[in-house]
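Subject: Structure handover

Hello,

I am passing this structure on to you.

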Amino acid sequence: MSEFVRFEHVKKTYHVGEVDIQALQDATFTVGKGELCVIVGPSGAGKTTLLNILGGMDTLTEGKIFLGDSEVSAYNTRQLTTYRRYDIGFVFQFYNLVPNLTALENVELAAQICKDPLDAAEVLKSVGLEKRMANFPAQLSGGEQQRVAIARALAKNPKLLLCDEPTGALDYATGKAILKLLQDMSRQKGMTVIIITHNSALTAMADRVIRVKNGMVVSEEINTSPVPVEEIEW
Amino acid sequence: MVRTMLKSSLREIRQSLGRYLAILAIVGLGVGFFAGLRMSQPDMMATGVAYLREYGLYDFQLMSTLGFTDEDVDAFSQMEGITSAEGSVYTDFLMEREENEEIVITARSLTDTVNHTELVAGRMPEAPNECVGDARYFSEADLGMTVTVSPNNDEDTLDLMAYDGYTLVGLVRSPYYLNYERGTSSIGSGSVAGFVYIPLDGFDFDAYYEVYLSIDDVADAYSEEYEAQIDSLKSQVEDLTEERAQLRYTTLYDDAMAEIQDGEQELSDGWEEYRTEKADAEQELADAHQELLDGEKEYADGLKDYEDGKQQYEDGLKEYEDGLKTLEDSKAQLEDAKAELDDAKAQLDDAKAELEEGEASYNQLNTLYQSAVQLAKATSTGTPSALIKALQSGASSQLNTSVDQALKAQGSSLEEFLGGWTQAEESIGQPLTQEYLDGLSAQLEQGRADYEEGLADYEAGYAKYEKGRLEYEDGLAQSEDAKQELADAEQELRDAEKELADARQELDDGWVEYEDGVKEADEEFADAEAELLDGEKELSDARQELADLKNPTTYVLTREENTGYVCFDNDTSIVAAISVVFPVFFFLVAALVCMTTMTRMVDEQRTQIGVLKALGYSNGQVMAKYLFYSGSAALVGSVAGYAAGSYWLPWIIWEIYGIIYGFAPLTFIFDPALALVSFAAALLCSMGATYLSCRVELSKAAADLIRPKAPKAGKRVFLEYITPLWRRLSFLHKVSIRNVLRYRSRLIMMVLGIGGCTALLVTGFGLRDSIKSVVDDQFAEITLFDYNVSFQDTQTEETVSAYLENVGWERESALLVHNGSVNVISGDKSKSVNLVVSSTNDLEGFISLHSGEKAIAYPGSGEVVVNAGLAENMGLAVGDQVELRDDDLGSLTATVSAICDNYVFNYVYVSPDTYLEQQGTEPEYKNLYLLAHEGEDPYQEGALLAEDDGVSNVAVNEATRSQVDNMLTRMDYIVLVVVVCAGALAFIVLYNLTNINITERIREIATIEVLGFYQNEVASYVFREIFILSALGSLVGLAMGKALHAFVMAQVQIDSMFFPCWIAWQSYGYALVLTLVFTLVIFLALKPKLRKIDMAESLKSIE
């Protein structure tokens, strides 16, 4: 598989007051196009920093990041916004739906700003929410809200889907259903999906597993036989 | 409160200082505005009351048509409840300000017990011809000038003013003139420019014009107690006034009668005396005349004598001169004779000498010869000749020796002898012989005889000459005497001449004296006669006067009739009225801001509350923290706001009112009740809001609180049910609309705040429009004439035509009118207004009588047209009866036929017929309305019009217009204050709301940023709803503003002005634009805040 996402010796240092915190010390890895990649590590390992930088929400201190042929690390703020806008779909741990927009509208909110969006209703249908489209987030369960969030990310037709602990706020069954949805997206639509989690049980479902610890990529392995989500237990 | 909690609270304040300050500021502003506007009226009132008390404005002002005497004044001061009574005089007079410029000044006598003047500059008068002047009219530079009483003033005024001019020694303010109005006058321009106070001695008067009373234990002005005091005394004062006036009438009547009788007696005595004296004087003059004639005759005689004497003298002189000439002739003759005599004497002397010489020669010769003879004889030589011959020949020496001997004997010698002989013969030229000697002797004899004869002749001639000389000398002496005599005569004549000249002079003087005497006598008698005739006229006048002496009319005026006093009450109540409406906005907004801020804060700290509760803190303890937070902010804010607001706002308003009043610096009063009320209200608002916000949260279980709060559910808004419309909206607009309607309290706060801001702006600009329109409407739509020329005397058609021709004006550009000042009385209300009576029964082209678009006909008989302001003020309606009472206390009753528009001053219009019917006299047409010529400078034309001697004043409307304009321009400051207030309001509301909006939705904003919204899209996503709310609020504000403006205008009715309730469409525009500008500024101020939002926020868990 081609190297779609490429991290080259990425370093990130935060300055908090007079203290420098090394969030990422040296991260080098690649993710192939259409892969389902799980980045796993304990709390404080630098997972989120990694995701922030990849998602164009934060800049790095050293190193290079490529998405396809473009060097994301060289983008300015405006270019980063455009990058987020057209290339990235984001799924948050706490869904982050706009509370006074219906499910459909939340999806439309994202679709509005894209060049080539998918039909919002279609996407919602594809995540199994055709009957809840007119509901406000407050009227939806957590799983449903996360589905809406995923639909919102997908509707942008992004090159890369980034998920930050997508099951973190969900119960076991719902979490599984969401993971299943993400795996299906990757399998059926060839979407490159990167999931960040502290739950190493999820590595079984991934095409590629990247382990992070203390701001370092400790291992990068290709899983030649990923397990369907239904079979994973944790 | 537990210490930790207190610490936590204080730390909370430090951490969210912006929010804390926001509460503090809004509470401060709210309280400041509330207290400031609320205190303005009491402050002003306190200032006014203190001022009136300090300077002792009168309580009663009594007037009578007959005036008051000192006894009357005493009687009033004896009244129970009256502290003091003091008489005073006053008059309006024309003062010469500059050349051709006369202005109307009211002169009042200085009083000791009431109406004390407040000295602003200079000193009080010390001499009767000194005065202190109106500090509003005169400036310090005027000190030392002479306030000159123009000779154009009428006789009564000139009589009353004891001096022609009064030196201005000080500037004063008077409680009698509390505001800028100085009233109107029947003289000059009809508008009083200022006042002067003159010592009572500076007036020459018979009776006081008015009496001022001060009452005992006077209560505060404007208070109900004061009104009660006045009410309780008024009827007694009225009774006494009437009684004293009647007494005065009787006295005057009796005095006048006695005077007339005395006058009659005096007059007849006068005539008698006149006649006697005249006869005496005539006799005296006749005597003097006779005397002069006698003198004349005497003089003529004297003159004749003199002339005779002169003739005589001249004759004498001639005679003398002739004599003198004769004498001179005889003197010459005498001198000639003397010369002749002298010549003769000389000849005689010569002849005598010759003779004597001849005789001597002869004697010599004879002697010689005789000797010869003897010798001859002795020698006997014959004859001598022979002897000589012999001798000479020497022939006989003997002879010669004998002869020589003989001769030697004689002492001679022959030689000598012969020499002598030869010499003698040589000298006689012939031989010496006897014959010759005989002949010589005979010759000598003959010569002697001739000489003797000549001598006798000479002597006779000399004797004759001597005689002639004596005669001449006598004549000369005689002539000298004559000369002396003549000189004496001349002296005498000269004396006589002088005497005559003196006599002439004396006579001439006598004549002049006589003529003068005659003239003098004539004049004196003419004067005496005139005086007597005057006396007669006076007497008949006095009789007429007595016949005219009417029963007196009296007036008992209170402070309610004093313009300044009443206006002050009205004007301060405007402030009070405004203070009711305006602060409500601020308080409401303050409450809402507190509410939203505190709700937000409690929401934010939900988890913390939950934790505290979980730790076992009671609800009260938890709430105390938030109550402390908002309460302390409110307390500090309200105290600061109260202090600042209650100082600055009244100060600003007083400064603005200073244009009208400004008699004293503002007294600041502290109203503890108001302070407590505002503090309480502020605390209630903020802590109440906090309590309400907290109560909901605190009622929940701790576990609930620790869990994140479910976001407020989205809701469909009513617009969504209008599907066609909703569909048309772009997606993001839908979001905004839904957001707008999401929080109702915020919507209300926004609409109220922004609406309030717009409303204030509309009101502010509207105030300006209404006031500005006064000037334009008044001078472009109503007052069409450009000049008002006041004449000293009543004008007729002829005099007006002559005047117009003189100044080069067309008759059709002029209108003759009667202008007067009258009191309009309706019910118990009275008001001084301007009366206009048109000589043509029409005002077309000069004053436009209209009401709105509708033209009004000139009032007919028994009708009156009044202006709207007056009608409103007096509560008049068409069909009402009003009484018009003028200065001379004549009165006129008419029915209101129409109400016309007029903004500056109050006017009533009646027809000449009405005036004539009710007043019994023709109106005095002393004023001429004139239209200006196109393109001419109005002030120059005005000056030209004033050049005529008969003109006492020319009012140039352009000048009035610019004056009013100037005054009203100051109102712009009020507008500015309003705009600033509005701006402050808008800022607070917008900033707070937007700030809360952003903080509250920080997660949402971060999310859409993560979704890839550009900065501008994020900004418009957030601010669009603010703009929508602003637009909505300002639209509501326009409507609120119109209502507020109407309300405020209803309060702002300044006495002499009527403001139309009108707002220009531009003002709505300005208000809208300004509101949007405020919104935009807030947008720009808060935009950076959006940029600072960290997208990582979106990843955080909900707190």
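The notes below go through the chains, their contact, the core and some local features.

Residues are numbered from 1 along each chain as its sequence is written, with chains lettered from A and ligands numbered from 1 in the order in which they are written. This is a predicted model, in which local features need pLDDT of at least 70 and side-chain atom pairs count only at pLDDT 80 or more, while totals for chains, interfaces and linings use all residues.

The two chains

Chain A has six helices and ten strands, and chain B has 26 helices and 22 strands. Helices (H or I, at least four residues) and strands (E, at least two) are DSSP runs, numbered from the N terminus. Of the 234 residues in chain A, 50% are buried; for chain B the share is 35% of 1103 residues. A residue is called buried if 20 or more other C-beta atoms lie within 10 Å of its own, exposed if 12 or fewer, and partly exposed in between, with C-beta atoms placed from the backbone.

Two residues are in contact if their C-beta atoms, placed from the backbone, lie within 7 Å. Among contacts in chain A with a separation of 6 or more, 70% are between residues 24 or more positions apart. In chain B, 83% of the contacts between residues at least 6 apart in sequence join residues at least 24 apart.

Where the chains meet

The contact is made by 25 residues from chain A and 24 residues from chain B. On the chain B side, α16 (731–740) and α24 (1002–1010) each supply at least two residues. That side of chain B consists of 13 nonpolar, six polar and five charged residues. Here Ala, Val, Leu, Ile, Met, Phe, Trp, Tyr, Cys and Pro count as nonpolar, Asp, Glu, Lys and Arg as charged, and the others, Gly among them, as polar.

The nonpolar core

A nonpolar core is a set of buried Ala, Val, Leu, Ile, Met, Phe, Trp, Tyr and Cys residues joined through C-beta atoms within 7 Å. The largest one has 291 residues, of which V107(A), V589(B), V908(B) and L985(B) touch the most other members. Helix α2 (residues 17–55) of chain B gives the most to this core, namely 19 residues. Another core lies apart from it and has 13 residues, including A376(B), L391(B), F417(B) and L432(B). Leaving out residues up to four places away in sequence, V107(A) touches A120(A), V123(A), L124(A), V148(A), A151(A), R152(A) and A155(A).

Helix α3 of chain B

In helix α3 (residues 70–78) of chain B, the residues D72(B), V73(B) and F76(B) are buried. Seen down the axis of α3(B), the buried residues fall within an arc of 100° (taken from the directions from the helix axis to the C-beta atoms), so they line one face of the helix. The face turned away from that buried side carries the exposed residues D70(B), E71(B), D74(B) and Q78(B). Among the elements that cover the buried residues of α3(B) are β1 (60–68), β2 (82–88), β10 (208–215) and α5 of chain B.

Strands of chain B

Strands pair if DSSP finds at least two bridges between them. Strand β3 (residues 90–98) of chain B runs antiparallel to β7(B) and is joined to it by two bridges, with E96(B) having T148(B) as its bridge partner. Strand β8 (residues 165–173) of chain B is also antiparallel to β7(B), with three bridges, and here the partner of T148(B) is G165(B).

In strand β22 (residues 951–956) of chain B, five of the six residues are buried. Strand β12 (residues 787–791) of chain B pairs with β22(B) in the antiparallel sense over five bridges, and Y787(B) has V956(B) as its bridge partner.

Single residues

H9(A), in strand β1 (residues 3–16) of chain A, has a positive phi of about 50° although it is not a glycine. H9(A) is partly exposed, with 13 other C-beta atoms within 10 Å. E165(A), also not a glycine, has a positive phi near 40°. E165(A) is in the loop between β7 (160–164) and α6 (172–189) of chain A and counts as buried, with 21 C-beta neighbours inside 10 Å.

Regards
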